[in-house]
Structure formats: structure tokens, C-alpha cells
Amino acid sequence: MNEEAEILKRVGEKPQLIIDGKRLDGRDFEELRPIKIEAGVLKRADGSCYLEMGKNKVVAAVYGPREVHPRHLQDPSKAIIRYRYNMAPFSVEERKRPGPDRRSIEISKVSREALEPIIMKELFPRSGIDIFVEVLQADAGTRTACLNAASVALVDAGIAMKGIVTAVAVAKVDGHLVLDPMKDEDNYGEADLPFAFVIRNGKIESISLLQMDGRMTADEVKKALEMAKRGAMEIYKLQREAVMRKYQGEEVE
Amino acid sequence: MSDEILMDIKKDYVLSKLRDGERIDGRKFDEYRKIEIETGIISKAEGSALVKIGNTQVVVGVKMQPGEPFPDAPDKGIIITNAELVPLASPTFEPGPPDENAIELARVVDRGIRESEAVDLSKLCIEEGSKVWLIFIDIHALDDDGNLMDASALAAIAALLNTTVPAERFEVGEDFPLPVRDLPVAVTSLIVNNNILVDPCRDEVSVGENFMTITTDQDDNIVAMQKSGSYLLSEEKFYELIDISIAKAREIRELLKDV
């Protein structure tokens with residue numbers, strides 16, 4: 001980060017986010033932050049994943065299919081899916097009060113809805129599949145990072161799925177569309193557009209999460225979608241590799 | 001249980017009608033139910049509106065009071081949006097703190113108003129760094145016959161247009177009308193098979209809660225979007241939704257001009 005931007009930030013002014021065609025962290029417009037994915041990192045969970053996307057650090061765990069409590073929530077025809085997005089109090093600059101706030105309740109809802117259509121719930125009647133994601137460090141794009149981790153954790157848990165979900169956001173900053181915005185771009189940018197896609201047989205089939213706030217023309221939204229699709233394909237490869245790494249490393253009994 | 005059977009019958013009916021290219025209430029696919037906007041219905045509130053879309057009814061009240069600004073915006077007013085899905089409005093609503101649906105509703109309405117910069121917050125500073133106006137937008141559903149989202153968003157902006165800043169009551173100057181400079185309009189559609197049904201009514205929602213809300217400002221910019229529901233959306237439908245939402249929002253915005 002350059003010094004000038006740091007100073008402007010301290011006095012509460014919007015820093016210039018694009019300098020000489022580069023972003024503050026030196027990335028090109030259509031460049032993802034470095035991503036690290038590791039599957040099967042938690043012993044007790046049925047499936048898990050640790051994921052870093054730039055400065056974001058998140059862990060996802062999947063429990064189930066298992067018995068549902070309270071029991072009246074059971075569905076005799078299919079599994080119920082629960083998704084809990086939670087931020088650690090120390091994950092952000094100013095301590096976040098522990099527990100769910102309105103933002104995390106909304107994120108949990110749309111994230112669950114992004115995964116539900118690909119999970120073959122009919123195979124597990126009366127049971128529950130719980131997906132827990134914890135944000136250990138946040139730097140914009142946590143909902144997409146968490147979905148990417150949750151997706152891998154679901155595969156790791158051996159849950160039958162029709163595809164894999166891969167998520168990435170596009171932002172508009174200083175009039176330019178940029179892929180995978182980091183904190184400053186999210187804070188001072190003009191718009192933020194998180195997407196999740198369903199990828200099947202190596203191809204993007206549909207959109208499973210779509211939100212937006214800010215201001216964009218219809219044309220910009222269309223361009224953003226194309227950009228997000230290209231970014232998602234890159235992330236998908238890394239998700240796949242993470243799963244392969246884990247299972248190729250295991251000895252066959 | 002009887003409810004579930006009824007839902008199934010409704011669902012079959014909606015789907016069979018759709019196969020004939022019709023909606024159950026005879027509307028065109030992109031046609032809203034009758035919209036009525038009435039403002040200033042609560043005199044105790046700084047601004048208020050009752051919006052009816054068909055049988056769906058929502059009241060929004062705006063209350064204002066001086067309060068402390070956010071440290072990163074010391075000279076700007078603050079908007080706080082809340083929604084209550086009170087049990088009076090539907091047999092499926094339960095008393096208690098807002099659930100995820102109420103929270104989502106409030107946050108999507110809030111985003112439309114915030115991101116379109118409909119309220120000029122810079123004119124709502126009383127004393128920089130210590131005192132600014134807080135605007136509480138409270139959404140109160142009265143009757144949920146489908147599409148509470150658009151009714152709430154419309155009632156919210158109508159109530160803001162109706163708002164007078166109560167400066168005299170708090171002894172910080174003279175009352176003035178709330179500076180509103182844009183008219184964000186939310187358009188919600190239900191996606192059923194390959195059809196887009198604008199302004200779904202309750203019975204149509206029996207086929208599944210597959211919603212998409214797109215909010216646009218008066219220059220046709222998109223200011224907020226929310227895909228809501230466990231379904232998959234194709235790219236082509238998404239593009240279609242954008243065009244439909246922009247066109248419909250323009251029509252509805254005309255109604256706001258008479259408020």
C-alpha cells in the first residue's frame with residue numbers, strides 16, 4: 001500500500017484506488033488475490049477446509065448428514081441444510097461483538113440458498129447437514145471466501161452434490177471494474193457485486209448467489225458478470241486441486 | 001397438514017396456468033397489481049406512507065432524532081432501517097425478534113435508499129463530529145399477500161418524501177423538509193421454470209420462493225440487487241430481469257411523483 005493512500009485513509013478521505021492502471025496492492029484489474037486452500041483440516045468435523053484469499057482467513061466445517069435437533073425441524077422427504085457465517089471478534093480492526101448480527105444473518109441466509117440447490121438433499125431424509133464457517137481474519141469478500149471454503153468442505157465430507165459452488169466478487173472503483181476487491185476497494189469503491197456460480201463438468205452452469213450494492217449501469221453489471229465468471233474458473237481449479245491433494249495423499253486401505 | 005395439501009393444489013394450478021401462458025389472476029407476466037400510495041397517515045411520525053400492492057399492505061413510519069455521527073462520517077446523517085413482520089400480517093409470521101426474512105427485507109430496502117443516495121445526508125449535520133440527524137425507517141407489514149419487498153421499498157421512499165425534519169422540537173433550528181434527491185424503486189420477480197413473473201402474489205409463491213429484486217435509481221442505474229431463494233438463475237434470465245426491472249421501475253416512479 002502506498003503512503004499517500006495511508007495518510008488519506010487516516011483523515012477519512014477517499015484515497016485514489018487506481019494509480020497508473022494498477023490497484024493499490026499492485027494487482028491488475030482482473031487479477032485475483034493469492035489463494036490458498038487446504039481440505040480436511042479439522043479432525044472432529046465430517047468435512048472441513050481452510051482457505052486464504054488475500055488477507056482473508058476462513059475455516060469451514062461440515063457436520064452431517066446427522067440427526068436434526070430440535071426434531072420438529074426434520075423433513076421426512078429430504079435433509080435440511082443449515083449455514084452459519086460467523087466472524088471472530090478479532091477478525092476486524094475494531095473488535096466485533098461476538099454473536100450473530102443482522103449482516104451475518106443475511107449472509108448466512110443467501111449463502112445457504114446458494115448451496116442448497118446443488119446438495120442432493122433427497123438422499124438424506126430426516127437428517128440435517130450443518131455448514132459452519134468462521135472468519136478468522138476479514139479483508140473484504142468474506143462471504144465469497146467462506147462459500148468457496150464451504151464448497152470444498154462439503155466435498156470433503158462426501159456429501160452428494162450436483163456440482164461445486166465457486167464465489168467471487170467484482171467491484172467498481174474509480175470508474176473501473178476490478179475483480180476480487182480488497183478492503184479499501186470495498187470501503188471506498190462505487191459498487192460491490194458478489195457472485196456465486198455452480199460449476200459442473202468444468203463449466204459454469206448458473207448463478208446461485210447474486211447481491212449488489214452501489215451504483216452501476218446495466219452494461220457494467222453485464223461486464224462484471226463476465227469478469228466474475230473468468231475469476232471463478234480460476235478459483236474452481238484451486239478448489240479442485242485442494243480436494244485432489246487430500247485424497248491422492250491418502251493411502252488406500 | 002391441510003395447509004400443505006392446499007399449497008400443492010395451488011402450486012399445480014399456478015403451473016398449469018403458466019403452461020397456457022397465463023397467470024392465475026389474469027395479469028400479464030410483467031404486470032403489477034394495482035398500486036396505491038397514501039402518505040402522511042401517521043401524524044406522530046416525521047413522515048409516513050401506506051402502500052398497497054393488490055392486497056399486500058405495508059406501513060412505513062419515519063422517526064428522526066439528533067444523535068452521534070459515525071466517526072468516519074462526522075458530518076453526515078445516519079439511516080437506520082428496520083422491518084417487523086408482525087403476526088397480524090400473515091399466519092406464517094411469529095412474534096419475536098426479526099427472523100432472517102425480516103432482516104433481509106430491511107437490508108435490501110436500506111441498500112436501495114442508501115446506495116442511490118436518495119437522502120442527502122450531508123444536509124443532516126447539526127454539529128460536525130458530535131450531533132447529526134438519525135433517520136429511523138420502520139417497515140411495518142400489515143397484510144402479506146406477496147411481494148412485501150416492493151411494497152416496503154415503495155412505502156419507505158414515499159415516507160421519506162413525506163418527512164419533515166423536526167428541528168424545532170429538538171431546539172436545533174427551524175423544521176425543514178427532508179432533502180430527498182433520488183427515487184429508488186425496487187422491482188421483485190418470481191422465477192418459475194423459465195418464466196419471470198413480476199410482482200408475485202402469495203398464491204404464485206407456492207411454487208417456490210425464487211425471487212430476484214433489482215432496485216434502480218432515476219437515471220436507470222442499478223443500485224441494489226438481491227437473489228433470494230434456493231434456486232439457480234441462468235445468465236439469460238438475469239439479463240432479462242435487468243431489462244424488465246428498469247422498465248417497471250420507470251412506471252412506478254411516475255406514481256411517486258404525485259406523492
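**Where chains A and B meet, and the sheet in chain A**

In this predicted model, β11(A) pairs with strand β12 of chain B, residues 222-228. The two run antiparallel, and four bridges join them. Strands of a sheet pair through backbone hydrogen bonds, either parallel or antiparallel. For one facing pair, look at Gln211(A): opposite this residue stands Gln226(B), in β12(B).

Now take in the whole contact. 25 residues of chain A touch 25 residues of chain B. On the chain A side, the elements that give two or more residues are α2 (102-115), β11 (203-216) and α5 (218-249). The largest share, eleven residues, comes from β11(A). By class, the chain A side has eleven nonpolar, six polar and eight charged residues.

Next, turn to a sheet of chain A. Five strands form an open sheet there, in the order β3-β4-β5-β7-β6. The pairing is mixed. β3 (35-39) and β6 (80-87) of chain A stand at the edges. Each has a single partner strand, so one side of each lacks a neighbour in the sheet. From one strand to the next, the twist averages 15 degrees.

β3(A) runs antiparallel to β4(A), residues 47-53, and five bridges join the two. Within this pair, Ile37(A) stands opposite Leu51(A) of β4(A).

Two helices complete the picture. Helix α3 of chain A, residues 142-156, packs on the sheet and touches β3, β4, β5 (56-67), β6 and β7 of chain A. The direction of α3(A) makes about 40 degrees with that of β5(A). α2(A) lies across β6 and β7 (127-137) of chain A, running at about 140 degrees to β6(A). α2(A) is also among the elements that give residues to the side touching chain B.

Methods:
Residues numbered from 1 in each chain as written. Chains lettered and ligands numbered in written order. Predicted model: local features only at pLDDT ≥ 70, side-chain atom pairs only at ≥ 80, totals over all residues. Contact = placed C-beta atoms within 7 Å. Nonpolar A, V, L, I, M, F, W, Y, C, P; charged D, E, K, R; others polar. Pairing = 2+ DSSP bridges. Axes fitted to C-alpha atoms, helices over the stretch in contact; angles between N-to-C directions.
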